[in-house]
Amino acid sequence: MQSAWVDADAEALVSRAAQTGVDRDLALRVYTTRLLGGDRKLVLHGGGNTSLKARGRDRLGDEAEVLYVKATGTDMAEAEAGGFCAVRLEPMRKLRALDHIGDLDLVAIERANLIEPAAPNPSVEMMLHAFLPHKFIDHTHATAVLSVIDQPDGEQKCSDIFGARLGFVPYVMPGFGLAKEAITVFERDKPRDGLILSKHGIVTWGGSAREAYERMIEMVSLAEDFIARNRKSVAVAAGATPRNVADPAHVAPIVRGACAEKDEKTEGAWRRLILEFRCGETVLRFLQTKDLGRLTESGVITPDHTIRTKNWPLLLPLPDNDALDHFASAARQRAGDFALRYHRYFARNNARVGGIKHELDPLPRVVLVEGLGLFGLGRSKPDAVIAADIAEAWIEGVRDAEAVGRFESITEAEMFDCEYWPLEQAKVAPTFASLAGGGRLGRGLPLAGQIAAITGAGGAIGAATGRAFAAAGAEVALLDVNYSAAREQAEQIAPTALPVACDVTDAQSVRTAFDKIVKDFGGVDIVVSNAGAAWQGRIGDVAEHIMRQSFELNFYGHQRVAQAAVKIMLAQGTGGCLLFNVSKQAVNPGPNFGPYGIPKAAALALMRQYALDYGSHGIRANAVNADRIRSGLLTPEMIASRSKARGVSEQDYMSGNLLGREVTAEDVAQAFLHQALELKTTADVTTVDGGNIAAAMR
Ligand SMILES: [Zn+2]
């Protein structure tokens, strides 16, 4: 591992920071924090932390010794001077006299000593930074270091590799206890460069930001060299070259369905997760390891990973392309066993701590599929990505640990204490206070964990629907025949919104689009079949090809999309929801609008047929009848000419309904959202037209 320090970059940051009143030390603290955070072999997603001790002034102008420490859960790669919490150091050091302090008391004392009262909570390792005397302190969970310390003889290996340069702190749960142990070891052994925190990570320090950082790089390099020198080949399972492995697009919905949980409180509701797939060379080779079963049972490489990945991954057998039913039943069985084991793990350990904890959901966050790859699972796409990144680091850490010895994690009880530590849970929970209600998946936005695909998403109604569903917590796939229109909407809606090119008049294009959605998110729960276009003509003399063209889009388009979605929903086995944009033309034909209205009437019948045929699978089908919405089907020119033809103002034309209100794309989007959320409603038509008795359902 090479130092990434570049003088010019460091100086540029120092001079930029000076313009906002940030001094050189803090600017360089930010610089090396970003260097550490930018290397995934050192820290991942909110792991690790850094600090600086300096003289500072409080709001009254009084000088004090101040500890700047990274805020809890924040990403080191994106460090900013303002993201460091400044705490008065002396009161923190006084706490060393205590044998023990409760989490809430500690947080309260930390907060009471913040220089800026509105600052976020400091890192959970803040006390370690406070007790150690060094000016700059860096702490990472470097994978290579974990490989050499997650060992039964980790202390011996550390002494072989680092000599007396690093002290060795036996495993203690992160927080106050670890801080006390660390300062004790430092004062007793007087290591020059830093500390190893057994089964957890490494600390280095220095008089300058560069010294602390480059010591970190040097120590990690020593661990890497040790692994390279001592690597023995790890046994591969017999017959390990996988054959006839199913496509991830067919496997993912099965995995996603197996790793969903029925909501016992609300009939028809499921707690679902989003998936992130990885199948790099390292992952595939690891899945061929002879000892895969033992390794998947062995635990995390560093304690704070437990809140993102749980302690163990779920291991599934090879999905044979010709026997996916067999794979599906094995997946459900093993996921069920995983949940059962999790309940027992919780019950056992909760009893140990006096029954004071609330059980988290029992669903896996990492699924290893032999021959195929791994899935990270999360309540949102970013959470799934984090789980997958950590799973890949876990694989590398465990692989190298096995290559130089035998991987050994902390104990089950130690993992439980981290998983159920409120200060760790606060990193992933919205607020500290919400922990009182338990960390069940049920909290949060109503569509969290669900995947919605919307066709015609480049248009007004499709885009508004995408916005509404994303705001309700769903991950959204935006399909449009015009890819750049879909991409433009996706960029505005959410960083995870997925633009997909899809021509619903082309069966192959629809299949490809749904494969892409499944590969990106793991499945689909809600489809808003919205793509459409209007053709006109008097029915007695309209050309047959016009009728066929309209049917291709306004009827078969819906059928193709619904068929593709239902196939995925059945593989998931957790129900689903098909929503169709059916227009008022389906029930209230307009003169010379037959080529548009007739396929829309057929689409209404299509919706009812899906409701009938798939209700027993929990798949609901509903439609929205909307009218007179400003969109690609009703352009400003059309509004001008029609209002002129009727001798009314444009405004009166647009609000020419019983309520006298113009209907917007957002109103239609809210109707779709309502239908998606009403778990007891199927075969429903919701009219969104401001009132038109001739178009009322009868
Ligand atoms: Zn740590």
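Predicted model: local features only at pLDDT ≥ 70, side-chain atom pairs only at ≥ 80, totals over all residues.

User: OK, how far apart are the closest N and O atoms of Lys381 and Glu276?

Analyst: They're 2.6 Å apart, and the pair forms a salt bridge. Lys381 sits in helix H15 and Glu276 in strand S10, so the bridge ties together parts that are 105 residues apart in sequence.

User: Are those two buried or exposed?

Analyst: Both Lys381 and Glu276 are buried.

User: And what does Glu419 pair with?

Analyst: Lys310, with the closest N and O atoms 3.7 Å apart. Glu419 is in helix H16, while Lys310 is in the loop between helix H13 and strand S11, so this bridge links parts 109 residues apart in sequence. Glu419 is buried at 2% relative accessible area, and Lys310 is buried too, at 6%.

User: Which residues get joined into one network by shared partners?

Analyst: Arg165, Arg192, Asp193, Glu211, Arg215 and Glu218.

User: Switching to packing: at what angle do H2 and H9 pack?

Analyst: About 15°, with the axes 9 Å apart. Angles under 35 degrees count as roughly parallel, so H2 and H9 are roughly parallel to each other. Their crossing is right-handed.

User: Which residues make that contact?

Analyst: On H2, Leu28, Arg29, Thr32, Leu35 and Leu36; on H9, Ala209, Arg210, Tyr213 and Met216. By class, that's six nonpolar, one polar and two charged residues.

User: What does Arg210 form with Glu214?

Analyst: A salt bridge, with the closest N and O atoms 3.3 Å apart. Both lie in H9, four residues apart, about one turn of the helix. Arg210 is partly exposed at 32% relative accessibility, and Glu214 is partly exposed at 26%.

Technical notes. Residues numbered from 1 in each chain as written. Heavy atoms only, no water. Axes fitted to C-alpha atoms, helices over the stretch in contact; angles between N-to-C directions. Helix = DSSP H or I, 4+ residues; strand = E, 2+ residues; numbered from the N terminus. Parallel < 35°, antiparallel > 145°, perpendicular 65-115°, else oblique. Left-handed = near helix turned anticlockwise from the far one by under 90°. Contact = heavy atoms within 4.5 Å. Nonpolar A, V, L, I, M, F, W, Y, C, P; charged D, E, K, R; others polar. Salt bridge = Lys/Arg side-chain N within 4 Å of Asp/Glu carboxyl O. Buried < 20%, exposed > 50% of the residue type's maximum accessible area, 1.4 Å probe, protein only.
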